[in-house]
Amino acid sequence: MLSERERERYKRQMMLFGDEGQELLKKAHIFIAGAGGLGSPVSVYLAVAGIGNLTVVDRDVVDQSNLNRQILHYDRDIGRKKTESAEEKLMAINPDITVRVIDTTIEEKNAVDLVGKSDGIVDAMDNYPARYVLNNVAIRKKIPLFHGAICGFYGQATTIIPGQTACLACIFPKAPPNEVFPVVGVTPGLIGMVQATEVLKYLLKRGELLTNRLFMWDGMQAHAEEICMERDPRCTACGSFCGTPGNEQ
Amino acid sequence: MKVRVRFFARFRELLGTDIIAEVAERTTLPDLIKQVAQKNIEGHHAIFDEHGQFREYVILMRNARRIDTADAAKNVVADGDEIAVFPPVAGG
């Protein structure tokens with residue numbers, strides 16, 4: 001049940017999806033992998049929307065060079081754990097939700113447990129090996145993976161529904177080399193909003209998800225386009241997905 | 001004959017986009033991309049390795065259909081084709 005305070009807080013968005021929708025958001029548990037450039041705007045907007053349970057995972061401490069884009073962290077947080085900083089800000093933004101933070105590296109061996117009973121995973125990572133780990137967990141648990149990535153003024157996003165859509169490894173079977181990428185804060189801001197919008201739509205069961213479509217944004221040209229994607233039957237991650245119950249964690 | 005080549009992200013920065021290329025009959029997909037990428041050595045290097053093979057992470061689309069880079073040489077381009085070439089964007 002929503003409290004009076006929550007009703008007031010969410011009044012303007014409940015005009016869109018009512019008590020029922022807001023209750024769906026309140027009951028939801030979303031796993032946000034990363035509290036950096038993408039994780040910052042995603043977690044802030046999911047918190048203000050009233051997603052009842054957020055888990056945020058990051059292993060880093062705040063560095064001065066993060067502050068041009070990682071809006072969860074302030075100058076005074078330099079040297080502090082990003083998870084600690086994120087928890088403080090998100091709870092201050094919305095004390096009516098539950099925020100759980102975990103200071104660790106997401107790896108094959110811990111990812112299934114970290115994700116736990118979440119309803120969906122937001123990919124706010126900065127490298128493909130970690131993304132492939134999240135992709136595998138999403139497939140195993142049959143929960144969506146909301147992918148986003150950025151470089152400079154370019155960004156991309158897609159929504160992966162295991163068993164129904166192309167997975168991350170169908171779309172990008174091979175990782176590009178790891179490198180220090182240029183970035184200006186507005187790009188993860190924009191792509192993070194695409195991801196957060198997808199999370200809301202998925203939980204509310206409304207609208208058309210960004211499935212089997214790779215959204216591509218070129219900020220310099222102010223141009224968005226999408227490329228259709230399809231499942232790869234030979235995909236090493238989801239190719240043998242049979243869609244039968246029993247392998248959930 | 002004319003084909004349209006579209007690059008995205010880093011490839012676009014190095015090579016531009018929406019390129020209309022004039023190509024000879026029986027030009028294959030790798031030959032087309034090499035021809036267009038010739039103008040910028042860094043762009044060429046971003047797409048092809050030292051053996052002239054597509055780097056393994058390069059994504060190729062022909063008329064909105066995915067082409068496996070390993071099979072690209074079997075694809076002869078046709079007049080009016082639209083080819084998209086892009087890398088996975090990785091940052092977060």
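This is a predicted model: local features need pLDDT of at least 70, side-chain atom pairs count only at pLDDT 80 or more; totals for chains, interfaces and linings use all residues.
The C-alpha trace of chain A spans about 50 × 40 × 40 Å along its principal axes. Eight helices and eight strands make up its secondary structure, and 48% of the 249 residues count as buried.

Chain B can be described in the same terms. Three helices and five strands are found in chain B, and along the sequence they follow the pattern β-α-β-α-α-β-β-β. The radius of gyration of chain B is 12 Å, close to the 12 Å given by the globule rule for 92 residues, so chain B is as compact as a globular protein of that length. Its C-alpha trace extends over about 40 × 25 × 25 Å along the principal axes. Buried residues account for 38% of the 92 residues in chain B. Among the contacts in chain B between residues at least 6 apart in sequence, 56% link residues at least 24 apart.

Within chain A, helix α3 (residues 39-49) deserves a careful look. Nine of the eleven residues of α3(A) are buried, so this helix is largely enclosed by the rest of the structure. The buried residues are Gly39(A), Ser40(A), Pro41(A), Val42(A), Ser43(A), Val44(A), Leu46(A), Ala47(A) and Ala49(A). Their cover includes the helices α2 (11-27), α4 (82-93) and α8 of chain A, together with the strands β1, β2 and β4. Just after α3(A) comes Gly50(A), with a positive phi of about 90 degrees.

One of the elements covering α3(A) is α8(A), and the pairing of these two helices can be followed in detail. Two packed helices are described by the angle between their axes and the distance between the axes. The axes of α3(A) and α8(A) (residues 186-204) come within 8 Å and cross at roughly 40 degrees. The two helices are therefore oblique to each other, and their crossing is right-handed. On the α3(A) side, the contact is made by Pro41(A), Val42(A), Tyr45(A), Leu46(A) and Ala49(A). The α8(A) side contributes Pro188(A), Gly189(A), Gly192(A), Met193(A), Gln195(A), Ala196(A), Val199(A) and Leu200(A).

Helix α5 of chain A (residues 108-115) shows another arrangement. Its buried residues are Ala111(A), Leu114(A) and Val115(A). Seen down the axis of α5(A), they fall within an arc of 85 degrees, so they line one face of the helix. An α-helix has 3.6 residues a turn, so residues three or four places apart point the same way. Lys109(A) and Asp113(A), on the other side of α5(A), are exposed. The buried residues of α5(A) are covered by elements including the strands β1 (29-33), β2 (53-58), β3 (98-103) and β4 (120-123) and the helix α6 (128-141) of chain A. Just after α5(A), Gly116(A) takes a positive phi of about 55 degrees.

Most residues other than glycine have a negative phi. Asn212(A), although not a glycine, has a positive phi of about 55 degrees. Asn212(A) lies in the loop between α8 and β7 (213-218) of chain A, and counts as buried with 20 C-beta neighbours inside 10 Å. The cut-off for a buried residue is 20 or more such neighbours. In chain B, Ala64(B) likewise has a positive phi, near 70 degrees, in a residue other than glycine. Ala64(B) sits in the loop between β3 (59-62) and β4 of chain B and is exposed, with 10 other C-beta atoms within 10 Å.

A further loop residue, Val77(B), is found between β4 (65-67) and β5 (82-86) of chain B. With 23 C-beta neighbours inside 10 Å, Val77(B) counts as buried. Leaving aside neighbours within four places in sequence, Val77(B) is in contact with Val3(B), Val23(B), Thr27(B), Leu29(B) and Leu32(B). The C-alpha atoms of Val77(B) and Asp49(B), 28 residues apart along the chain, are separated by 22 Å.

Terms used: Residues are numbered from 1 along each chain as its sequence is written. Chains are lettered from A and ligands numbered from 1 in the order in which they are written. Helices (H or I, at least four residues) and strands (E, at least two) are DSSP runs, numbered from the N terminus. The radius of gyration is taken over C-alpha atoms; the globule rule is 2.2 Å times the number of residues to the power 0.38. A residue is buried if 20 or more other C-beta atoms lie within 10 Å of its own, exposed if 12 or fewer, and partly exposed in between; C-beta atoms are placed from the backbone. Two residues are in contact if their C-beta atoms, placed from the backbone, lie within 7 Å. The arc is that of the directions from the helix axis to the C-beta atoms. Axes are lines fitted to C-alpha atoms, for helices over the stretch in contact, and angles run from 0 to 180 degrees between N-to-C directions. Angles under 35 degrees count as roughly parallel, over 145 as roughly antiparallel, 65 to 115 as roughly perpendicular and the rest as oblique. A crossing is left-handed if the near helix is turned anticlockwise from the far one by less than a right angle, and right-handed if clockwise.
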